[in-house]
Amino acid sequence: MATSWEWWVGFSVFVAAMLALDLGVFHRKSHKVSFKEAMSWVVVWIALALIFNLGIYLGWFAEVPLEDRGRVALEFFTAFLIEKALSMDNIFVFAVIFKYFAVPAQYQHKVLFYGIIGALVFRLVFILVGIWLIETFDWMLYVFGVILIVTGVRLVLKKDAPAELENNLVIRWARRLFPITQGYRDAHFFVRENGVLLATPMFLVLLLMETTDLIFAADSIPAVLGVTQNRFIVYTSNVFAILGLRALYFVLASVIDQFHYLAFGLSAVLILIGVKMVIQKALAFHIPIGWSLGLVALILAASVIASVVHSRKPAAPAK
């Protein structure tokens, strides 16, 4: 499925318009995002993704032959679901960063907004490079498959140790490059005081969020490429998942640590997609996209249900 540049331009204009509407109208003034407001935006972004998905099926938003529309629409939905699920790790890290730097609640949306703009650019680069590698080097599917399997195993083996952000290389580099103000200066990333350009803690937060997303993209992009190698579908599914990430953070940040078994579900999804990539390449055996979608949905639903049941169990009495 080839996608002409008009679709890319049209989608980019839509994304730019939505971002401008978000920051320029609904969040023009810094304020604490309420649960109701965040939930409303979660619904809006999911609804827009589903409308776009329907548009692919009906041939509105992409040049898809009639006989392939069902398959391509399923590929988009599967990629969107995987990316949305993997973004849970982003939310956990965002919560850690905000707590560590004591970011005021009214400024959190702004730093998330600019962090996501950077993520959109970096992920486009990752996607284009990843697909180029697959098309140029036949064996790259094995490499991406193994990366996903190893990442899936590491996800359940990693320890839940607190992040040592002060020793982070990026933070140490930034502190050497820029003098940092002692406190926040409203929602500014840089300020000029006494003729000296200073970075604020908001800049450090933004820098950490961007580098963290690069690390997560190294896992999530190969996972989506295991579903489809169509550039337009991979990118648009990623964009819709990322655009809804800010609102999802404000909905789930306070309860994300209660999803005890989500890591096992995400691990299983990564391993499943990795094995799928290796099998399809080694055995020339194509696994239907419907099967992939069903297994991914089943695994994620089981991990969420198990987490909810676990969180409702009464705590054991202290001895």
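## Overall fold

Along the sequence the elements follow the order α-α-α-α-α-α-β-β-α-α-α-α-α, with 11 helices and two strands in the chain. Helices (H or I, at least four residues) and strands (E, at least two) are DSSP runs numbered from the N terminus. The model is predicted: local features need pLDDT of at least 70, side-chain atom pairs count only at pLDDT 80 or more, and totals for chains, interfaces and linings use all residues. Residues are numbered from 1 along each chain as its sequence is written, and side-chain values use heavy atoms, with hydrogens and water left out.

| Property of the chain | Value |
|---|---|
| Radius of gyration | 21 Å |
| Box of the C-alpha atoms along the principal axes | roughly 65 × 60 × 40 Å |
| Buried residues | 44% of the 319 residues |

Buried means under 20% relative accessible area, with a 1.4 Å probe and protein chains only. Of the contacts (heavy atoms within 4.5 Å) with a separation of 6 or more, 79% join residues 24 or more positions apart.

## Helix α11

Helix α11 covers residues 289-312, and its 24 residues reach 35 Å from the first C-alpha to the last, close to the expected 34 Å. The expected span is 1.5 Å times one less than the number of residues. Ile289, Ser292, Leu293, Val296, Leu300, Ser303 and Ser307 are buried in α11. An α-helix has 3.6 residues a turn, so residues three or four places apart point the same way. The buried residues of α11 pack against α3 (69-100) and α10 (262-283).

Ser303 lies in this helix and counts as buried because its relative accessibility is 6%. Leaving out residues up to four places away in sequence, Ser303 touches Tyr261, Leu262 and Gly265.

## Second largest pocket

The second largest pocket holds about 440 Å³ of space. Its lining has 19 residues, of which Leu81, Lys84, Ala85, Met88 and Val304 are the closest to the centre. Two or more lining residues come from each of α2 (35-58), α3, α9 (245-252) and α11; α3 gives the most, with six. By type, the lining residues are 18 nonpolar, no polar and one charged.

On a 1 Å grid over the protein atoms alone, a pocket is an open set of points where a 1.4 Å probe fits, with protein on both sides within 12 Å along at least five of seven lines; lining residues have an atom within 4 Å of a point.

Technical notes. Buried < 20%, exposed > 50% of the residue type's maximum accessible area, 1.4 Å probe, protein only. Points joined across faces, edges and corners; volume = space filled by probe spheres on them. Nonpolar A, V, L, I, M, F, W, Y, C, P; charged D, E, K, R; others polar. Rg over C-alpha atoms; globule rule 2.2 N^0.38 Å.
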